[in-house]
Structure formats: C-alpha cells, structure tokens
Amino acid sequence: MSMSRMTQTKPPRRALRGRAVTLGLVALLSTWVWNEGSRAQDPAAARLLDEARRLQAVDEAGALEAYDLLSRQFPDDALAPKAVLEIAELSRARRDATATERALDHLIERYGRSPEAAEAYRMKSEILFEVARNEAELEDARATARRVSLLFGPDRYPILPARERALALSGTIGALLGDPGAVADFSAVIENDPLGPHHAEARLGLGRSLLARGDWQAAIEALQGLLDLAETTDATNGVVPAEATLAPARALLSLIHRRYIRPQTGQPFFAQAKVFAPALGLEQASGVAAAANGEVVVTDGGQPLVALVDATGTVVARTATRGLERPFWGRDGRPAALADDGLVRPFGGSAIRLDDLDKDGPLKGLLAVASGRIGGHLAVAKSHSGLLRYAVGSWPPKTVIEAGKQDLVDLDRGPEGRTYVLDKRSGSVRRVDARDRVVTVVQGTWKRAWALAIDQLGYFFVLDRGEARIHVYDAAGNPVTTVGPAIGSITLRAPNDITVDGSGRLVIADAKLPHLVRVE
Amino acid sequence: MSHIPTTRRLWAIGRRSLAWAIIASVSVAVAVSAQVDQVEQEDLPEPEMSVWVAGAPIPLDATEAADLDEVEAALANDLPGLEARRDAAVEQLEALVEAGNPTPEARRRLARLLGWRARDYMRGGDQFAGERDLARAVDVDPSFQADPRMADGRRTLVDLVERLREARVGTVRFQDLDPPDLALRIDGRLYPITDGTVEVTAGLHTFSARRPGYTPWQTEVEVRADQEVDIPLVLERSSAILRLVTRPAGATVWVDDQPRGSTVGAGDAGPGTPSAPGTFSIPLVLTELPMGRHTLEVRSPGHRSYRVVLSIEEPIDYEIPPIALEPERGRLLLGNVPDNATVRVNGQALEPVSRRAGQLRFDLVPGTYTLLVDQGPERMFTRTLAMADRQTIEVDVRLLPGLALHTAVGADARTATRVAEFLDRVFAASSAWTAVDQRRSTARVLQASGLDTPTLRGGPEPGSTAAGTDWSALQRAADQHADGLMHILPVASDDLLAHRVDLLVWPSAPGPPTPDRIAIDLDDLDASARLTAAFSRTVPTRRPWLGVQMLDSDAALHPVVATVTPGSPADSAGLAPGDEIVSVAQVPVLVASAIDQRIRVAEIGETLRLGVRNASGNRTVEVQLAWSPTIVDPRADDFRGAVAFANLKLLESRVPAEDVWTVQLDRARLLMAAGSWVEAARALRAIEAPASTIGVGRATVDYWLGVALMAAGPTYRESAISAFERAASQPDGRLRDHDGPWIAPRARARLSAAGAIER
C-alpha cells in the first residue's frame with residue numbers, strides 16, 4: 001500500500017484502531033465457538049475453494065464471490081476460515097480497506113482460535129503499522145502484533161508462520177521506537193523458527209538493533225549468520241534469504257569492519273580515495289545522497305542533470321532537470337531533490353509537498369530534507385531556521401528545534417531514528433532522539449560548516465567548505481580523523497555535499513570536479 | 001458264567017494282551033511304555049459300563065437330585081408345609097418318566113415320593129387318592145417297598161403296598177446270565193439286574209439285551225402277577241471289542257485310517273462334559289473289530305498322534321492301557337538374555353524351562369507367537385515366530401530401544417495393511433530400534449481417547465498439526481497400554497486412493513507429548529531409506545572449535561577475523577581481529593561460511609593450516625582445533641522432537657560425564673520446542689552446567705531457563721527475570737557452542753521486554 005493510498009484510507013484506519021483495543025476480548029470469547037476437533041470437511045467446500053483459487057488469477061471479483069459463498073454456505077467447515085482469510089488478502093491487494101477490515105474482524109470473531117485468526121491479527125498489525133502517524137499508533141500496531149504470540153503459543157501451534165511474522169513486525173516497530181526489547185522480538189523469531197520465512201528479516205533486524213545498542217560483536221553474529229545462511233541453504237533445505245535482506249546485512253558487516261575492526265590493526269580510518277563515476281561529466285556538483293546499498297543520486301547545479309549511480313560507479317539513470325540540489329532518499333526507495341520552490345522526484349514516486357508554516361504555499365528556501373522515522377519528513381529551510389517535522393496527515397508541522405537562535409544548514413538521519421542537524425552559527429552538531437530530546441554531540445571549530453552525513457553506527461561527518469575538509473567523529477562525538485583537502489591523488493577544491501553509504505564509504509560531491517570522490 | 005467282574009476280567013485280558021500281539025514302531029513303543037507307567041501311577045478309575053449303550057438315560061441333574069433328597073428327607077421327618085414342594089417334585093419326575101427314558105433312580109424316587117404323598121392323603125382321610133398314588137408307585141417301580149415311616153405306626157399303608165405288589169408285580173429270573181455286564185432293557189427302558197432277577201408289572205413285556213462284541217438279544221414274555229418267570233439269557237459273541245481311554249478327552253480314534261469315534265470327557269456334569277485337566281476320558285469302546293492286524297491311531301489337536309499296530313486274534317474284549325497323548329512341543333532357545341530381562345510370549349510373561357549361561361529354553365506348542373524380551377522401554381527385543389512340533393528355534397536376542405507401533409488411523413484395510421507391512425519391513429532391518437507391534441493392544445484405547453481423524457491429518461499449514469488434539473492425554477493412554485521409548489501412530493491421507501501416510505511420532509513421558517509428523521509415501525521407492533534416516537539421527541555433543549568470529553566485508557577479499565575468544569585455539573595460534581583468512585588447508589576461501597563448514601567436518605584435535613593476511617603481510621598459521629560442547633537447535637538442525645528426545649535419553653548414559661549437561665540441555669530445548677514450558681524449566685533447573693564464563697555453560701542454561709519460565713506464565717516471571725539477569729551478567733556466554741551467538745545482549749533485551757530494566 002503506497003503512502004498516498006494510506007492517506008486515503010485514514011477513516012477505516014481509525015476504525016481499525018478502535019477495534020484493536022477489543023481484539024483480545026473478541027478472541028477470547030470466540031474460543032468456545034471454534035473447535036477444530038469437530039470440523040468436518042465437505043467435498044463441495046473443497047471444490048469451491050479450488051475453484052476460487054483458480055479464479056483468483058483471472059477474475060478477482062469471481063474469486064471473491066466464490067470465497068464468500070464458501071464462507072456463508074459452509075461456515076462450520078474446516079475450509080471456511082481459509083476462505084475468509086483469502087477474502088481479506090484479496091481485498092487488501094485490491095486496496096479495499098472496508099472489505100479487508102470486515103473479513104479480518106469476521107475471522108477473529110468467528111474462528112478466533114484457528115491459525116487463520118492468527119493471520120488476521122498479523123494483517124491487522126501490518127495495516128496499523130503502515131498507516132501509523134505517531135508513536136502511539138506505532139505502539140498500537142505493535143500491541144496487535146504481539147497478540148499473536150499471546151494467543152497462539154507454541155504449545156498449541158509449534159510452528160505458526162503468522163506468529164513469527166508478527167513477532168518480526170513487533171521487532172521492527174520496536175526498533176523504530178528505540179525499544180531495546182526489539183532485540184528480544186527478533187531473537188524470539190530466530191529461536192522459535194530458525195528455518196522459517198522470517199528468519200532472515202529477523203536476523204537483519206536483530207543485527208541492526210544490536211548495533212544500535214552498541215553490541216556490535218553480537219550484531220556480527222546475527223548478520224554474518226544471515227550471509228552464512230545464504231551460502232549454505234538452498235530451496236531444498238530451507239528458506240533462502242532474499243537479496244533485500246542480504247545486501248543491508250553485507251553493508252552493515254562492511255561498516256563494522258571499517259569502523260571497528262580495521263582500526264584495531266593500525267590501518268588508517270580511510271585507506272584510499274577513488275574517482276567515482278567519472279562518466280557523469282559533472283559541471284558543478286551540488287548535492288549527493290547514498291542509499292544503504294551504495295547507490296548514489298547526484299545533482300548538478302551547472303547543467304540540467306540528476307543522475308543515479310550504482311555501487312560500482314556505473315551511471316544507471318539520468319534526467320535533465322536543472323536547479324536541483326541536496327538530494328535525499330525517500331521511504332519508497334526513490335530519490336528526491338530540493339528545488340527552489342519545493343521538492344522534486346526526478347525518478348518518479350509520489351509527490352512530496354512541505355507547506356510553509358506561516359503563509360500559503362510551499363516552504364521555500366529549503367536547505368535540506370530527510371525522510372522521517374515514521375513517515376513524513378524533516379526539513380530545514382532558509383525561511384525558517386529551525387528544524388521542522390512534517391507528519392503524514394497532520395498539520396501544522398512540529399518545530400523540533402526553534403528557529404532564530406541557530407543557523408541550521410543540513411540534516412541527516414542516523415541509526416534508531418535519530419536525527420542530526422548541523423548548526424553553522426554555533427558550529428555544532430545536534431542530535432534529536434526518538435523522543436525529540438536534543439543534545440549537542442560535538443562543538444566544532446569549523447570555518448564554514450556546510451554538510452552533514454551520518455553512518456549506521458552513528459559516526460558523523462561534517463563538511464567544512466572553508467577548509468575543503470571533512471571532519472569525522474565517532475558516535476560519542478570524539479574526533480576520529482579528517483579528510484581533505486588532499487586525499488591521495490585527489491584534491492578537493494569546492495566540496496558541496498557529502499554522504500555515507502550503508503557500508504561506510506564516504507562520497508563527496510565537489511563543484512569543481514567532474515566526478516564524485518569515494519573515500520573508503 | 002464267570003463271577004469275576006466284567007471290567008476286571010477285561011483288564012486282565014488287556015494285561016495279558018500287552019504281551020502283545022501288537023507290533024509297533026520303535027518310537028511309538030517308547031511312547032506307549034511311558035504312558036503305561038503314568039497310568040499306573042494315576043490309579044485309573046474303573047469306567048462305567050452303562051455308557052456303552054446308545055440312548056442311555058440322562059441322569060438327574062445334581063442340583064435337582066439334592067433338591068429331591070431334601071424334600072424326601074423333610075417328608076420322612078414329617079415336617080409341615082411341604083405339600084407344594086412335594087407335588088412339584090412328583091410332577092417333575094412324572095414328566096421325566098412320561099418322556100420315555102427315565103433312569104432307574106428317577107423311577108425309584110418317583111415311587112417313594114408317591115408313597116409319601118399317599119401317606120399324607122390317607123392321613124387326611126382321602127383313602128382313594130392314597131391308594132391311587134400307591135398303585136402308581138408300584139407301576140413306576142415294581143420293586144417299590146413302602147418305607148416303614150410311611151406307615152405312621154400302622155401297617156395299613158405297608159400292607160396296602162404289599163397287596164398291590166401281589167396284584168400287579170411278577171418276577172423275571174434270568175438264567176445263565178452271560179455276559180454279566182450286559183445291558184438289559186424292558187420295554188425299551190434300561191433296567192439294572194440285581195441277583196439275576198428283575199421285578200416287572202404283570203403283562204406282556206419285551207426284554208432285550210445287548211453288549212458290544214455280542215449279538216443283540218430280544219424276546220417277549222407274558223409275566224403274571226405274583227409269579228416268577230425264568231428266562232435264559234446268554235448272548236452270542238460276535239466280535240472282539242477294544243476299550244480305550246485318552247488324555248485329554250476329545251481325541252479322535254482311527255482304525256485302519258478310518259475314523260471310529262472320539263473319546264469324551266467325564267466332567268462334573270457327567271459323561272460327555274469336559275474332563276478336568278489332566279484326567280482321562282471315559283472309555284471308548286470300539287466294536288466290530290475283525291480278526292487280524294489293525295492300525296490304531298489316536299489324534300488330538302495340539303498333541304502328537306499315538307499310533308500302534310495291534311493284532312486281534314480272538315473275539316474277546318481288549319483293553320489298551322490308558323493313552324496319555326503327548327502335547328506337541330517346539331523348543332525356543334533365546335541367547336544373550338540378561339538375567340533381569342522379562343520374556344513375554346503373546347503378551348504373557350513366561351518362565352523358561354531352563355536357564356543356562358544367558359540362554360533360556362522354552363517349550364512351546366506349535367503356533368505363531370509374538371516374542372517380547374525387555375528390560376524396560378530402552379532395551380527391547382521382539383520377534384514373531386512360527387513354531388512347529390519338534391522344531392527348535394534359536395534366537396539371538398539383541399535389546400534395542402523400543403518403538404510402539406499403533407494401528408493406522410483413517411486408513412482403509414488395504415492401506416492399513418500396507419502401512420503395517422512397510423513399518424515391519426523398515427524396522428525389522430533396523431539396527432537401532434526394535435518396533436513392537438502394539439496394534440491389537442492399543443487400537444481400542446486410542447479410539448476411546450477421542451482421536452479425530454481429520455484433525456490428526458492436519459491441514460497444509462504446519463501450525464495446524466497440533467490443533468484440536470489432547471496430545472498429553474494421548475501420550476498417557478499410549479504409555480499405559482504399550483511399552484516403548486516412542487510411539488508411532490500412522491495417519492493415512494484423506495486421499496484413500498493414494499498411499500501417503502503421516503507418521504505421528506511422540507516419546508513416552510516425560511518427553512514432549514506433541515508429535516513429530518513424518519510424511520511417507522508408500523509408493524516411493526526411497527520411503528524406507530528416508531524413514532530409516534529419520535530414525536537414525538545421531539545427536540552431537542561436541543564439535544571442533546577454533547575460537548574466532550568471522551565476517552564477510554566488502555572492504556576485504558577474504559573473510560575477516562572480527563573477534564578472537566581468549567584461550568581458544570585461535571588465540572593460541574596468534575590470530576587477531578582484522579586478520580583475513582585467505583585459505584584453509586591450502587584451499588582458498590572467500591566467505592566465512594566456507595571456513596565454518598571446513599571446521600565442522602574436521603576432527604577434534606586436527607591441525608589446520610590457515611593462510612592469513614593483514615597489514616603486515618601474509619603468513620601461515622597452524623591451529624589445532626579443540627572442542628566445544630554443542631547444543632542442538634531443534635528446528636535449525638531439523639531435529640525431530642520425538643526421535644531426538646528418545647535418542648537423548650539413550651545418549652545420556654553413554655556420553656562422557658562432562659557432556660551430560662549438554663544432553664540434558666538438548667532435551668530441555670526439545671521440550672521448549674514442543675511448548676512444554678514447565679517441564680522444560682524443571683529440566684533446566686536440574687542441569688549442573690559448568691561454571692565457565694566463556695562460551696556455552698551456565699549462562700546458556702540460565703538464558704533458556706529464563707525463556708522457558710517467561711513462556712510458562714506470569715507466575716514464573718520473577719524467576720525468569722532472575723535467570724535472565726544471571727545470563728546477562730556473563731558477557732562472554734554463548735548459545736549453541738563456544739563460537740555461537742552471544743547471550744548477554746539477548747538476555748538484556750529479554751529483561752527490557754519484561755520491563756525489568758529501563759528502556
């Protein structure tokens with residue numbers, strides 16, 4: 001379900017939340033109704049289910065009708081809850097929130113002790129998570145997810161994919177909320193069902209959560225275990241982890257290697273600098289942003305150019321758009337960039353509009369934007385020198401750091417939902433945690449601080465344009481090293497923006513270099 | 001006419017005949033000799049001759065006779081209020097007489113009862129009725145004499161009887177009675193001959209006599225009241241007869257390969273009813289035996305045949321010494337049976353005939369037997385035997401862990417048979433398990449435990465396997481009625497045309513009651529091998545240990561050492577964080593999993609050459625692998641809960657003492673995997689793990705104890721928190737093995753999730 005669609009489904013979402021409170025009660029009451037031991041299986045019901053599944057590929061409405069018929073004609077049949085679950089899933093795929101909710105409620109109320117009811121709870125929690133706008137709503141989604149474990153324990157269902165999936169979701173939400181208990185959720189998934197389909201996802205979540213807690217050795221075990229799993233499993237002996245989990249795991253391990261292990265051997269923090277993506281032919285690089293997988297989006301102020309470069313430096317896409325700068329990656333995995341009058345999605349994606357606090361129209365003079373932890377966006381702009389948080393479906397945006405006393409020029413998102421902002425006036429980097437507590441993590445003596453980048457271990461990088469140098473600090477704010485202006489054979493002349501990819505490589509956009517510089 | 005009693009004479013003849021005229025094979029002769037000895041020792045009772053006659057009257061039932069005795073005694077003692085019982089007894093005996101074939105005893109009893117009733121009538125003044133009863137008494141039993149007590153001090157009734165006898169009874173005197181044991185019938189009714197005379201009512205009577213080996217005799221004689229008639233009665237010998245008795249009764253007697261009859265018992269209820277065990281039948285008389293040599297054979301099911309050749313030389317009575325048939329027997333020799341093992345045959349405990357140096361001997365009658373030798377469920381042996389007479393079967397007993405095979409659920413007869421045959425075949429070839437067929441003993445029990453076939457079949461979702469069945473109750477029921485370390489319940493697919501069967505396998509208590517589900521396809525050629533493999537899993541307790549944590553990094557071509565465990569082989573060999581492992585045993589490695597796999601297949605103590613690279617350059621490191629305890633992960637290792645649990649139970653007594661705790665922890669983990677939280681916690685609490693602070697050990701046990709207690713319910717929350725706190729306090733504690741996942745962060749997270757530490 002896309003973000004835009006989620007906005008449209010707000011009213012049903014409220015209904016979901018309301019009902020979520022009573023889900024536990026409903027489930028308990030329905031235990032006496034549902035007794036698997038007495039279920040019969042009617043051949044007609046089996047044929048109907050078969051027909052519905054056949055129709056599903058060619059005629060969704062027909063399939064829905066068949067599932068509905070089955071559930072109404074054979075409400076006590078073993079296949080009835082399966083049919084209702086199919087209705088819910090199909091309705092969800094068709095983005096019919098009302099039908100989805102109705103089917104899920106029916107499943108929980110009528111067949112509350114069936115494995116399909118566990119799936120219903122799990123789906124409800126996913127929907128609640130997708131539309132959550134604040135911490136309370138995230139907690140709500142997490143509580144629903146946890147209900148699966150409470151109601152469908154291993155004593156009754158030794159293996160239940162819905163339970164592990166719900167636990168993984170609970171861990172994901174917990175991590176977003178900065179809850180150390182997320183580690184417990186992910187651990188439970190791994191411990192309960194190490195061969196299950198959510199094992200990889202849980203391992204990645206566990207690794208991230210452990211890293212966020214500073215348990216990097218334990219994180220290595222979790223993440224490397226995921227890579228080992230990919231090397232040693234195949235379709236015959238287990239679930240092969242998807243690349244979507246392997247790539248971030250590999251990146252995080254590389255990051256740990258670079259930040260924690262390599263320095264122990266006496267090697268420099270950065271070993272080398274490379275010309276990166278020379279084929280770009282940049283005239284006046286104005287911004288750069290790296291995704292976790294090493295993909296980079298770059299903007300050029302000297303020519304109409306926005307380009308996507310993969311981790312090997314190959315240009316994979318470019319568009320001729322002029323005047324963009326300071327790109328960032330949206331939650332949908334597509335880049336966005338700042339324009340004079342708002343935000344642009346040069347490679348597609350739903351439009352993002354950040355309105356001005358005080359007057360009608362978009363917020364102008366944007367300096368930096370980042371995706372929010374729970375949807376929405378964070379922004380700093382010339383017209384409003386504070387830090388603003390735009391939440392989905394809510395107005396006005398929250399001023400996290402008051403305007404007026406500082407001159408914020410850049411921001412970035414760090415691990416565990418923390419936001420870092422660079423204050424040029426005070427020469428400091430300030431960290432905003434998940435509960436909007438603001439802490440100054442470093443006070444620098446920079447000539448002209450201009451850009452900020454954070455890696456997934458909380459190391460942060462400050463670009464000082466005045467000295468054409470990047471200052472590196474660890475998560476506690478201790479200076480680690482500086483980079484530039486000369487880095488090996490490359491000399492920085494007018495660095496404009498910096499970014500750090502998922503594996504800890506620093507990428508520099510220099511207005512006077514025709515290429516990017518990648519330092520690792 | 002001889003005065004020697006008939007039977008004695010016959011016995012004497014029989015004795016004489018033992019000198020014989022009988023030709024027997026050597027083996028039979030031995031048998032006969034032995035039987036004769038036995039018979040003499042047992043003091044064989046003389047047989048009753050009356051049973052020779054066909055149509056012999058049925059004697060009074062013992063209970064009836066006792067009842068009649070009581071009535072008579074009461075009448076003789078003049079007890080009041082007996083009219084109803086008296087009349088009922090008269091009526092009963094009259095019916096017997098009217099039926100046509102009463103015993104002499106019945107006639108005598110009826111006459112006496114009529115006499116007592118006549119006395120009562122006459123006392124009451126009903127002279128007519130009294131005289132009528134007395135007349136009837138004399139008719140029924142012409143030898144009837146009034147009891148003096150009937151006279152009641154006056155002679156009237158006695159005299160009346162005398163007068164009636166004079167008027168209605170005559171005497172027949174048989175002259176030259178021969179043979180004296182002949183059976184006499186008058187008008188078809190059996191009459192005993194006393195002193196060669198009988199008293200009969202006046203009139204025309206038919207006298208007949210017969211005796212086996214003689215020509216039947218018959219004549220009609222007019223007998224007049226109060227007169228004596230002399231009748232010569234000498235039967236003409238027609239053939240030889242042969243009398244024999246057998247033990248047991250019921251044996252069939254064949255002469256010259258033709259069946260000639262069967263012996264019958266003489267139980268408490270009279271001739272023809274089963275004999276008490278160990279007693280002989282009543283005599284069987286074979287008649288019409290022609291002169292010459294004959295083959296006599298006596299057969300009885302379950303007994304060896306008795307066969308002799310006899311020679312009939314003259315038409316006399318022959319009597320064969322009592323024939324005690326020897327039961328058929330086979331010999332079962334069981335080798336290697338421990339002293340305290342129990343031997344059961346067809347479910348019944350059996351004591352050996354002899355026991356010598358671990359070899360037990362049993363004598364069994366021919367038949368099919370299921371043999372079960374056991375020393376508890378962990379050491380069992382079973383075999384099905386077909387024993388024949390005189391066969392010796394030697395069985396080398398090998399006690400193995402037992403599997404209880406239960407009857408297939410939801411299967412048609414054909415599939416059920418196929419399943420049973422399949423399992424028999426697979427486990428008969430197993431050297432790890434003994435499959436004990438419990439289908440008969442538990443079918444009804446399992447049925448009564450409320451098993452629901454559709455539920456047992458489960459759905460496509462793995463999680464639905466256990467729903468709707470009370471596995472604990474099933475485990476209890478199965479344990480109660482069947483021995484075995486594990487139970488196997490086949491559940492047929494609902495597609496009865498196919499041959500897909502799920503084997504539900506669960507251990508006996510205290511193992512987790514939730515079963516494993518092993519799917520087999522009877523049509524699959526590899527099904528046997530797969531099932532054998534499923535039951536042949538071994539449980540490792542140790543694994544080779546290097547002591548490093550590796551990672552794969554984009555910043556290195558080869559796996560990178562991330563951490564080195566202090567005191568580990570890697571530490572001793574000088575490996576350090578940041579080292580890249582270029583090769584293992586001269587094989588280049590690019591990913592960390594390749595190193596782990598190489599170590600897993602290495603021998604403990606093996607020296608590996610590692611190619612190592614770091615900022616200082618390349619070097620070769622030799623590292624001797626040590627060992628680490630290893631804890632199974634029930635699901636990750638695809639370790640079947642039931643099979644694993646059973647294996648672990650066996651393993652505990654076999655592993656070195658320092659490994660016992662790992663086996664116990666494995667077992668607790670299996671209980672956890674089955675959701676048996678309290679049982680798991682109990683098992684975990686009992687584990688005495690090493691207190692080492694690095695790697696697996698006490699912290700491992702504490703962590704799992706915390707997990708089990710937390711899952712067991714709110715009651716155990718505080719205990720769970722304590723366990724997690726202990727686990728969290730060991731920063732180098734690991735799960736699974738010394739290089740496994742760190743425990744402390746997980747324990748801290750569990751504490752956080754439990755609200756025991758601040759978020």
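Author: Let's start with a term: buried means under 20% relative accessible area, exposed means over 50%, and partly exposed is in between, using a 1.4 Å probe and protein chains only. This is a predicted model, where local features need pLDDT of at least 70, side-chain atom pairs count only at pLDDT 80 or more, and totals for chains, interfaces and linings use all residues. Residues are numbered from 1 along each chain as its sequence is written, chains are lettered from A and ligands numbered from 1 in the order written, and side-chain values use heavy atoms, leaving out hydrogens and water.

Reader: Okay, so is A:Arg95 buried, exposed or partly exposed?

Author: A:Arg95 counts as partly exposed because its relative accessibility is 38%. Helices (H or I, at least four residues) and strands (E, at least two) are DSSP runs, numbered from the N terminus. On that scheme, A:Arg95 sits in the loop between helix H5 (80-93) and H6 of chain A.

Reader: What about backbone angles?

Author: Most residues other than glycine have a negative phi, and most peptide bonds are trans. Here A:Arg95, not a glycine, has a positive phi of about 60°. A:Arg326 has a positive phi too, about 45°, but it lies in strand S6 (residues 325-329) of chain A and counts as buried, at 6% relative accessibility.

Reader: And which peptide bonds are cis?

Author: Among them is the one from B:Asp178 to B:Pro179, with omega near -5°; B:Pro179 is in the loop between strand S1 (169-178) and strand S2 (183-186) of chain B. Another joins B:Arg247 and B:Pro248, with omega about 5°.

Reader: How much area is buried between chain A and chain B?

Author: The size of an interface is often given as the accessible area lost when the parts come together. Buried area is that loss (1.4 Å probe), summed over both parts. Between chain A and chain B it is about 4100 Å², with carbon and sulfur atoms giving 58%. On the chain A side, A:Glu191, A:Glu221 and A:His257 lose the most area to chain B, together 14% of what that side buries. Counting contacts (heavy atoms within 4.5 Å), chain A gives 51 residues and chain B 54 residues.

Reader: How many salt bridges cross the interface of chain A and chain B?

Author: A salt bridge is a side-chain nitrogen of Lys or Arg within 4 Å of a carboxyl oxygen of Asp or Glu. The rule finds four across this interface. One of them pairs B:Arg750 with A:Glu191, the closest N and O atoms being 2.5 Å apart.

Conventions
Buried area = accessible area lost by both parts, 1.4 Å probe.
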